[in-house]
Amino acid sequence: MSAEQKSGLTVIVLAAGGGTRMRSKTMKVLHPIAGRSMIGHVLTAAQALDPEQVVAVVGHQREAVGAHIHESFPDVVLAVQEEQHGTGHAVRMAVEAAGQMSGTVVVAYGDTPLLRGDSLREFADEHEAAQRAVSILSGIVPDPFGYGRVLRNDEGDVEAIVEEKDATAEQREVREINSGILAFDAEFLRDALPRIGNDNAKGEYYLTDTIAIAREDGLTVGAHPIDDVMQTEGVNDRVQLARIGAELNRRIVESWMREGVTVVDPATTWIDADAVLGADVTILPGTQLLGATVVGEDAVIGPDTTLKDCEIGPGATVVRTQGVLAVVGTESIVGPFSYLRPGTVLGARGKIGGFVETKNAVIGDGAKVPHLSYVGDAEIGEGTNIGAGTIFANYDGVEKHRTKIGKHARTASNNTFVAPIEIGDGAATGAGTVVRHDVPPGALAVSSGPQRNIEEWALRKRRGTAQASAAEIALAGGRDDDQGMAES
């Protein structure tokens, strides 16, 4: 074939099977691993080849699977396999949906989340360089039991794939196994698919039968052993899902450490595939960085922290915190035991302290919410300090309302801000104040009356108790016997 005809590349991803061994209402390829669905990982690897087109074959729960694919990969062509009659049948559906194809066709599977784009690229490049009709992505393993063996002739070309149950004793000694991932010359594939029969126990059309067809036609069939065989391992049940998930996480964590991130305890650190970490970030034990979380350089995260789709600025410190769709500014401090809900934005050098919950709140540069507070639907200006035990009462039972506090304000402990209100720049509030109305700039708002002391109340109302006895002694100017003995 001419070089011009060889320029195209199509990737077909098979994802039509039911995955019954998962025992799940969710389609197998949609199960998440490292922040993406399994098929999301495979399609990401496929896109790394910069193909002319990617075709995904869907079947079971095709509405859900198709919608999921198009949400993240809108250019992927969907082919429907109404009834599952084997891999050869699935690829026929894909070829029909793809239309015009030339060059190389790579066939992969939607349940191999460890698969990498660079591995597929090497495989496709070798296939094209060798001008083969079919290439097999194979692997050399110490224990090939249960896998199909790749049988080669004296020239090194592939003669056949033989399954474990059909292999002779000598063939079972072969340690090169078939991953199921194949590359084809497009013209050969179009010619071979109608020639695949279903004369087998299951009555299915097997894509691997194309190897025998190619050999019958006198065409070259080869195999490309991948160094990292685990990339081709499929997931069929939840035990395998957990094992592959742990392996993928190990690889992600190790990759970031090699990029200059300190991970104190890799065994308890989980980082999703789409998270991004800067240089000299430190991750302490028990931390999860999920979704599209971004952590700036020199930040310290953890211990015991879970962040999903958050943005953490350079030099920030986030300790024992749960965060979702939140932004933490440069050199800010969060935690411990903080809960950052969606819409939280903390400015540079700000603070959200212990046992503070925030939601839809913009907290300005240098502003602080240090202790035991709820801040919802709020705007807090630069340099403002919010006292301990403060509640932003944002919900009236029907609608949410917003509170705005200006710059360099000082609010005292145990305040309640009943929204909607606005507190001006440089204003202050007294301890225990319930703020129901706007506070002008520079003003002090207080809502409690003057303190009144009811003398000897304990003596009258708590007669006979330790409280009354202690008060009586104190009022008499004396001290009890135990205290006197301790001081003698």
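A: The second largest pocket has a lining of 16 residues, and Arg36, Arg116, Leu248, Ile252 and Ala273 are the ones nearest its centre. The model is a predicted one, in which local features need pLDDT of at least 70 and side-chain atom pairs count only at pLDDT 80 or more, while totals for chains, interfaces and linings use all residues. Residues are numbered from 1 along each chain as its sequence is written, and side-chain values use heavy atoms, with hydrogens and water left out.

A pocket here is an open set of points on a 1 Å grid over the protein atoms alone, where a 1.4 Å probe fits and protein lies on both sides within 12 Å along at least five of seven lines; a lining residue has an atom within 4 Å of a point. The space in the second largest pocket comes to about 480 Å³, a volume being the space filled by probe spheres set on the points, which are joined across faces, edges and corners.

By class, eight residues of this lining are nonpolar, four are polar and four are charged. Ala, Val, Leu, Ile, Met, Phe, Trp, Tyr, Cys and Pro count as nonpolar, Asp, Glu, Lys and Arg as charged, and the others, Gly among them, as polar.

Three helices, α1 (38–47), α4 (117–130) and α7 (238–258), each give at least two residues to the lining. The most come from α7, which supplies five. Helices (H or I, at least four residues) and strands (E, at least two) are DSSP runs, numbered from the N terminus.

Of the 10 residues of α1, eight are buried, that is, under 20% relative accessible area with a 1.4 Å probe and protein chains only. Among them are Met38, Ile39, His41 and Leu43.

Turning to the strands, β6 (residues 104–109) has five of its six residues buried. Strand β1 (residues 9–15) pairs with β6 in the parallel sense over six bridges; two strands pair if DSSP finds at least two bridges between them. Across this pairing, Val13 stands opposite Ala108 of β6. Strand β10 (residues 176–185) also pairs with β6, in the antiparallel sense and over four bridges. There, Val106 has Ala183 of β10 as its bridge partner.

Elsewhere, seven strands form an open parallel sheet in the order β12-β15-β18-β21-β24-β27-β29. Its edge strands, β12 (262–263) and β29 (368–371), each pair on one side only.

Terms used
Buried < 20%, exposed > 50% of the residue type's maximum accessible area, 1.4 Å probe, protein only.
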